[in-house]
Amino acid sequence: MHGAGLAVVLRGMGAVLAFLLNIAIARIIGAEGAGFYFLALSVVSIGAVAAKLGLDNVLLRFVADGASRGDWNSVIGVFRLGTRIAALSTLLTGIGVFALAPWIATALFGEPGLETPLRAISLGIFSFAMMMQMAECLRGAGQIGASVLVSGLIYPLTALILIWPMASWFGAAGAAATYVLGTAASAAIGYLFWRRWADRLPASAPQFERAVLWRSSRPLWLMTLLSGGLLPWMPVVLLGLWGTPADVGVLGAATRIVMVLAILSQSMTTAMVPKYAELRARGDLRGIRAITLRSSGLVALITTPLVVAMIVFAPRILSIFGPEFAQGAAALAILALGQLLSALSVNMGYILLVFGRETDLRNGTIFAAAVMLASGLLLVPVFGMIGAAISASLGGASMNLANAVMVWRRFGPQLRSSDAGRCNEGESS
């Protein structure tokens, strides 16, 4: 099977397993227990993204670059340097969260019951970061199947095997410990995949300059913190501050359902990136406009009926997680509408990427984070779960809509004109 096709299949299997895992967690420990689990996971996820220092993206870049040039000394050198720095940073951060768990649980969230799950999951900052480091290095090395296995399949499969005894015996703390064990298993297997590939390389003197690594990681750190940490988890954190653990658990379940739409739209649009790059190289803006309209239409055709079903049958869908989750029907409807808006404009980010407009992408992410934070601070204290759902939808949709505005500002005249042809380098750089 072709590597890209295998990756799609594995990613789909991983998404199904992750969804089943979240159902199992909710069924075993209930809405309140799931709320403690999601709150602990939010702290760990934000901490892991911050402590990784943007190094997973840098490793992907330099491993791929070195492998393409046959510079195996730089490939092994950057892997060793980046992994050691990230391991030390995330391990220290995990220890810090473990030590501060009583304060975070009681003083910050006002929930003493959060302390034990938070301590149980604290080392997940290290294990999750190492899992993603291995996955990105394998992807840079062209080991796509192994990369997808490590990033999206091994963890939910391991966790599904462990979740029933762990969560039944230890509640939310058991679910948290299962997260650590699953991500650790995935990271360890990822390292074995890497060693199997790297041990065959003729690298006599592996080395890489630390200054180059830092210079490349610094600009990416803020982007990854916002897009990978704050945007996905800020509504959960804000609801944890002003709502109940049960509210957080219900919102977490609704978010997991809506993620099906995100995965579906991304799987349909990610394949556009190579085509965009090809058309960009030819300066064919008419072609870019045409495939953007076609892909957006396809996304709308497939996702709109699903969004309608999520709105109409929201209580029944949420009841899959347990009867007490049906109270989140309105939140699910709001999240589904927000995801539909995001899905219709997701191609805009890819266009900016292939045209080298990283600054525009960064600005769009900052804008979205500001919208989410401002709306969350205004709405969550008053409307609770509904306010959190609105802020999450506004944040996600505003990022893609900001990207659409940027595309229109940069390339609008060419995209609008029926006579648009080739773009010159000055317009696209």
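**Exercise 1.** Classify tryptophan 197 as buried or exposed.

Solution. Tryptophan 197 has a relative accessible area of 9%. Buried means under 20%, exposed over 50%, partly exposed in between (1.4 Å probe, protein chains only). Tryptophan 197 is therefore buried. Tryptophan 194 is buried too, at 2%.

This is a predicted model: local features need pLDDT of at least 70, side-chain atom pairs count only at pLDDT 80 or more, and totals for chains, interfaces and linings use all residues. Residues are numbered from 1 along each chain as its sequence is written, and side-chain values use heavy atoms, with hydrogens and water left out.

**Exercise 2.** Classify the ring pair of tryptophan 194 and tryptophan 197.

Solution. Rings of Phe, Tyr and Trp (its six-membered ring) pair if their centres lie within 6.5 Å; planes under 30 degrees apart count as stacked, over 60 as edge-to-face and the rest as tilted. Here the centres are 5.1 Å apart and the planes at 50°, so the pair is tilted. Ring pairs also bring in Trp72 and Phe79, linking them with Trp194 and Trp197 into a cluster.

**Exercise 3.** Which residues does tryptophan 194 touch?

Solution. Contact means heavy atoms within 4.5 Å. Leaving out residues up to four places away in sequence, tryptophan 194 touches Val63, Val75, Ile76, Phe79, Cys137, Leu138 and Ala141.

**Exercise 4.** How many aromatic pairs does the whole structure hold?

Solution. The search finds 8. In one of them, the rings of tryptophan 169 and phenylalanine 170 have centres 6.4 Å apart and planes at 90°, so this pair is edge-to-face. Both tryptophan 169 and phenylalanine 170 are exposed.
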